[in-house]
Amino acid sequence: MRRKYDLRNKKSFLIILLVAILVICIFSLFIYKYTKISKIFYTIEAGSVIQDTAKNYIKIDDDGILRPRWNGDYYLTYQDQKIDLDNKVIVYNEITGGMKLYGVFYEILEDGKIVKYQDETVLANTTDTKFYKLADREYLLVDREIVSSDKFTNTVNYLLVELDKLGNAKLSNNKINLKTITPMILVTSKYRFDINNEILNFGSYDIDLKKIIGSTNQYKPEEVDKDVESDGTTGENGGNAGNGTGTGGAGGGTGFGGGTGTGIGNGNGVINNSPDGEETDIGEIKDKTKMTSVVRVSEGLTQIDVDYVVYDPYNEYKSVYAEVMKAGKLEVVYLSKTDTHIVFDNLVPDTEYSINFVYTTTDGETGEIVRNTFEKLELRTKKPEYSIEIYKISSVSNAITYKVYMQSGYSIDNVLVNVSFEYIDIDSETGESVKKQASIDNTIAVSGSNKYVMGTTSVSGYNIDKDTVIKLTVKSVSSGDKTIDINSSSSFRYGR
């Protein structure tokens, strides 16, 4: 008997068929997109500077190839390495002064209009003023000179600004890498950029950048309390005179100071200058005027420079200090109330450090010491840079000699170099020629402060074809018991 299918079975078969068609369509679309993207590539010229996913700046000494991934991110093929990049790539050429942008960028024009760029955007030079929003709380400034309104920060050509959710900013380019904790305004030849509030001004009106593709910035400007504690005499009912001619409290007492301001007392030891007439306690005014904070941070190879401000007009702080975790041990460094700069040194390059900034006060009731953390920073020292290049090839001794260029400002004991290449060998079973991979390590002792050291690796006994590509890699450097991975390499053809 022929099996009969009821309506329910027919619906099930139809659903399965539709799902199968949908899967095939999605898979075909993925294959099409992947095939299309795989054909796209861009050349990154030597002399360029680029940033990887870890926000480290990489200097490109040889041409590299930039390719997009199917998910929108990019990767760079450079000196036989594959370097992962984000979905927005900024390439600045230090030789030509030009810049290339890859990914989606939003340029904000002087009249407030927005121009969307995608794929590759080429800027012939960085002397023309530009302003881009990259993503939530990320911006790119381009101009001949970029200066902060307080004149403490000054750079040229371009500046990448990345805010955290509290409005603190990281400023970086090929020359500087610093963090700001206090409000800052950046000024170029055509506009002013209020970083923390995300406000751009070309002179005529403010542009609220939070409204462009949104923002998760939670920064709120501190309210400035205009009340000033009077230091004149006190009226009969306790009203305080101002810093100049002061009007007393309800009891009619009048005091005279040496200035021109007027303070109005209410007879209860409270200044009442708020717009809506609400009373403001003296203690609250003191708290609002305290501005102890970290202003700016700059990471180096073996040190971290910190600018800070200690504002303690009533001498309430018992001590002000910083706690630094070094090699698993907590180190306490006391800060001066009068100084504004401190250097944390004897650090290890390419290492994360947690620094807590603390002030202590005395509890008025119990007399106990109270700890207050006013800043907590997670910082990372810079990674040293080492490069390697071929010096000569000896066909007599079958040896390769190379130069390793040192990082200035950091002393090391030795550097580990690796030489890797393919060679031709005879298979013992078949007698056929086969290619094999060789990898030879060489530890070079370093002494003094020379700009480079020389090393030699013997390749005697290896049958190397003249067109074979040999890769030289600075694997790591050591200083005492500290070893830092470098993995900087260059390649050359053996017969050239």
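Tutor: Strands themselves are DSSP runs of E, at least two residues long, numbered from the N terminus. What you see is a predicted model, where local features need pLDDT of at least 70, side-chain atom pairs count only at pLDDT 80 or more, and totals for chains, interfaces and linings use all residues. Residues are numbered from 1 along each chain as its sequence is written.

Student: Okay, in which order do the four strands of the open sheet come?

Tutor: Read across it as β26-β25-β28-β29, with antiparallel pairing. At the edges sit β26 (329-334) and β29 (369-380), and each of them pairs on one side only.

Student: How many bridges join β25 and β26?

Tutor: Six bridges, in the antiparallel sense, with β25 covering residues 319-326.

Student: Why does β26 lie largely in the open?

Tutor: Burial is judged by relative accessible area: buried is under 20%, exposed is over 50%, and partly exposed is in between, using a 1.4 Å probe and protein chains only. Of the six residues of β26, zero are buried, so the strand lies largely in the open.

Student: And S395, is that buried or exposed?

Tutor: Exposed, with a relative accessible area of 65%. You'll find S395 in the loop between β30 (387-394) and β31 (399-405). Its C-alpha atom is 9.8 Å from that of G495, although these two are 100 residues apart along the chain.

Student: Now pockets. What volume does the largest pocket have?

Tutor: Rolling a probe the size of a water molecule over the atoms shows where empty space is left. On a 1 Å grid over the protein atoms alone, a pocket is an open set of points where a 1.4 Å probe fits, with protein on both sides within 12 Å along at least five of seven lines; lining residues have an atom within 4 Å of a point. Here the largest pocket has a volume of about 1,800 Å³.

Student: Which residues lie nearest its centre?

Tutor: N56, Y57, I58, K383 and E385, out of a lining of 50 residues. β36 (482-493) is among the elements giving two or more residues, and it gives the most, with six.

Technical notes:
Heavy atoms only, no water. Pairing = 2+ DSSP bridges. Points joined across faces, edges and corners; volume = space filled by probe spheres on them.
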